[in-house]
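Work through these exercises with the sequence and the model side by side. Try each task before you read its solution.

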Amino acid sequence: MFEYNPEKHYPKETESRVVIRFQDCDPLQHLNNAKYFDYFFNAREDQVPKLYGLEMIDMIHKYKAAWVVYNHNISYVRPARVGEWVRIMSRLLWYNHNTVVLEYYMTDDTKKELKTVLWTTMRYVTIKEGKSTDHSGAVLDFLRATSENLDIANLTISERVKSLKQKLLEA
């Protein structure tokens, strides 16, 4: 379970290095569009416990609530190709009392070329009734500690793609 420590620095971004598998590619040897979701979600699922000491299933059991996806916004910039090593980053862009927006993005292995950006919006709901509920306790502590809390109301995914491309060029 996540235990917030005010003395500790919590990274805002997770990072994984993975290879694009043949079985996940189309006949043009590009990563299948739907497979980007698997790569992104698996990378975050691997990194959150490492970085924050948090297994999401523990929070689900304790608070009897979970996040349910209700929107994806994805921008395919450059294809990921079979056998290519890539980097996958993720971060909590924004949250409020019952909603979160996660950002995932993929680059080449050197982190110079942006490949894809995904924003996933999720609502926090009770397991039993499936009704929206507020973040509380360790869930809220986790969100506060790890969120970028960007003003996404005034940000489009296209603008974010441009911003990430610029950031990669400057690094």
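**Exercise 1. Is E113 buried or partly exposed, and what is its relative accessible area?**

Solution. Start with the ground rules. This is a predicted model, where local features need pLDDT of at least 70, side-chain atom pairs count only at pLDDT 80 or more, and totals for chains, interfaces and linings use all residues. Residues are numbered from 1 along each chain as its sequence is written, and side-chain values use heavy atoms, with hydrogens and water left out.

Step 1. Recall the cut-offs: buried means under 20% relative accessible area, exposed means over 50%, and partly exposed lies in between (1.4 Å probe, protein chains only).
Step 2. E113 has a relative accessible area of 33%, so E113 is partly exposed.

**Exercise 2. Find the salt-bridge partners of E113.**

Solution. Step 1. Apply the criterion: a side-chain nitrogen of Lys or Arg lies within 4 Å of a carboxyl oxygen of Asp or Glu.
Step 1. One partner is R78, with N to O at 3.9 Å. R78 sits in the loop between strand 2 (65-76) and strand 3 (85-95), and E113 in the loop between strand 4 (99-108) and strand 5 (114-126), so the pair ties together parts that are 35 residues apart in sequence. Helices (H or I, at least four residues) and strands (E, at least two) are DSSP runs, numbered from the N terminus.
Step 2. K115 is also a partner of E113, and here the closest N and O atoms are 3.0 Å apart.
Step 3. Check the cover. R78 is partly exposed at 46% relative accessibility. K115 is buried at 2%.

**Exercise 3. Classify the ring pair of F2 and Y10, then that of F37 and F41.**

Solution. Step 1. Rings of Phe, Tyr and Trp (its six-membered ring) pair if their centres lie within 6.5 Å; planes under 30 degrees apart count as stacked, over 60 as edge-to-face and the rest as tilted. The whole structure has 10 aromatic pairs.
Step 1. The ring centres of F2 and Y10 are 5.4 Å apart and their planes stand at 55°, so this pair is tilted. F2 is buried at 3% relative accessible area, and Y10 is buried at 5%.
Step 2. F37 and F41 also form a tilted pair, 6.1 Å centre to centre with 55° between the planes.
Step 3. F37 and F41 are four residues apart in helix 1 (residues 35-52), so about one helical turn separates them. F37 is buried at 18%, whereas F41 is partly exposed at 29%.
Step 4. Look around the pair: Y36, F37, F40, F41, Y76 and Y104 form one aromatic cluster.
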